[in-house]
Amino acid sequence: MSAVTVDYRNLLAIDEGEAGVDPARLAGDLGSRFREAHEDVQRARRGGSMGFFDLPRALDAAARIRRAAAGLRGRFDDVVVLGIGGSALGTRTLRDALGAGDRARGTSAAAAPHPRLHVADNVDPHSIGALLNRLDMRRTFFNVVSKSGSTTETLALYRVVAERLARDVGPDQAREHLLFTTDPRRGPLRGLAGEVGIPTLPVPPNVGGRFSVLSAVGLFPAAAAGLDVTAVLQGAARMEERCRTGELTRNPAGVVATLLHRADVERGQRVHVFMPYCDRLRSFALWVQQLWGESLGKATGLDGRPAATGPTPLPAAGATDQHSLLQLFMEGPADKVVCFLTVDAADDPIPIDDAPAPLPAFEFPEGHTLHQLIAIEHAATAAALRTRKRPNLTIRLAKLDAGALGELILLFQAATVYAGFLYGVDPLTQPGVELGKRYVHGLLGRSGYDPPRMEEANHPWQV
């Protein structure tokens, strides 16, 4: 049974005078347009370009990942992922949502604890230095993740780490502390692994970086930290099956893609806010930000014509941002649609006990918990937005466990590619970031790359 429900009532005009979509359009023009997008996705799948749909049932690859991860337990206290973008955001999502910070998660009293999981996803020397300085390199394992094997930031971090490993454990032992996750056949990391004998795990060639969390990219570090990656894949498989239909109102990802696309192109609601009412899903909102923004923001359409598409994804956090962004959502420009994420059940609801002294301004009926309070905060915010004709939808998880997270991940991956075809763009490419990468290479002095034209430091347009 699915743990994920998409509630899109607050995007529909059900009662007279309400803003939103006429429900009849779900079986009419919106339903027809989605069927076309669904067939486009199915055609791409048959052509082999959307391998992320197949990852939940790639059992041999998952077994290999689990075996590799199991070998770290008892040998290492910490696992550090060196990656950026799609090579890191999914891992953060798995770690934060499923509680990988608990050293003893899933262990018995006699068993060795699973390693702590860290994600180094930037080249800020302060944060990287602080992390490396507090680790015992003799008890630390590094997973270097880059599908292309040529990501500048990741290779720079690897070189820093390689030097420290050579210093602290010796050059001959350093390879025992490393694993590369990269393309199975090509790229600098693949070549280096073969030269010096570093073990590897493959990223399937037909799985793009931002769609790779259910491959070794996300599953290996998650499994090393003791998370139930089998349940994650099982949940993703359930959602993939639900998304096989071209009938809009039976396809959860289709509903999300169609109604958010409609909000953008018909109503000018070009800011899509992803707002979990669960701290453990804050990293998930950042993962969606990359998935939605990098996949849909395109200058050129599938027909070769100028497109300039792309809603702006904005992560937020409930109830925290009710005290920062909600004023803007309620009374600012009507250019936003809010996608809430909620969790119905809490492991520990935490009762709100009576205060030792009367607090007249803080009265609660008896029996409330913090979990009930955050649920009420969401319900009140969604209702207030609807009253002000500000559209929103809610994605509900019955509980936040590995299976539900797998469903949620696949839901948004499928919604993203559906939305790409609704916009008429290729959701799998990212040409807009390539020029910046070339300029980085040029500024670093790499052969064959020109640096950008730089203004003189003393030009008159600075204060």
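Predicted model: local features only at pLDDT ≥ 70, side-chain atom pairs only at ≥ 80, totals over all residues.
Residues are numbered from 1 along each chain as its sequence is written, and side-chain values use heavy atoms, with hydrogens and water left out. Local features need pLDDT of at least 70 and side-chain atom pairs count only at pLDDT 80 or more, while totals for chains, interfaces and linings use all residues.

Pockets and cavities were located on a 1 Å grid over the protein atoms alone. A pocket is an open set of points with protein on both sides within 12 Å along at least five of seven lines. A cavity is a set of points where a 1.4 Å probe fits but cannot get out. Lining residues have an atom within 4 Å of a point. Grid points are joined across faces, edges and corners, and a volume is the space filled by probe spheres set on the points.

The largest pocket holds about 1,000 Å³ of space. Its lining has 37 residues, and those closest to the centre are Ser 148, Thr 151, Gln 430, Glu 434 and Lys 437. Helix H6 (152-168), helix H12 (282-296) and helix H16 (434-443) each supply at least two lining residues. Helices (H or I, at least four residues) and strands (E, at least two) are DSSP runs, numbered from the N terminus. H16 gives the most, with 6 residues. By class, the lining has 11 nonpolar, 18 polar and 8 charged residues. Here Ala, Val, Leu, Ile, Met, Phe, Trp, Tyr, Cys and Pro count as nonpolar, Asp, Glu, Lys and Arg as charged, and the others, Gly among them, as polar.

The second largest pocket holds about 680 Å³. Of its 26 lining residues, Tyr 277, Cys 278, Ala 346, His 371 and Ile 374 are the closest to the centre. Strand S11 (336-343) and helix H14 (370-387) each supply at least two residues. H14 has the largest share, 8 residues. This lining divides into 14 nonpolar, 3 polar and 9 charged residues.

The structure also holds 2 cavities of 30 Å³ or more. The largest cavity has about 50 Å³ of space. It is lined by Phe 329, Pro 333, Ala 334, Asp 335, Lys 336, Val 337, Val 338, Leu 385, Arg 390 and Pro 391. S11 provides the largest share of this lining, 3 residues. The classes are 7 nonpolar, no polar and 3 charged.

The second largest cavity has about 30 Å³ of space. Its lining consists of Val 80, Leu 82, Ala 120, Ile 128, Leu 131, Leu 132, Leu 157 and Val 161. Strand S2 (78-82), helix H5 (125-134) and H6 each give two or more of these residues. H5 contributes the largest share, 3 residues. The lining has 8 nonpolar residues, with no polar and no charged ones.

Ser 283 lies in helix H12. It counts as buried because its relative accessibility is 10%; buried means under 20% relative accessible area, exposed over 50%, and partly exposed in between (1.4 Å probe, protein chains only). Not counting residues up to four places away in sequence, Ser 283 touches Arg 92, Thr 93 and Asp 96. Contact means heavy atoms within 4.5 Å. With Asp 96, the link is also a polar contact between side chains, at 2.4 Å. A polar contact is a pair of N or O atoms within 3.5 Å; within protein, one must be able to donate a hydrogen and the other to accept it, and residues adjacent in sequence count only if both atoms are side-chain atoms.
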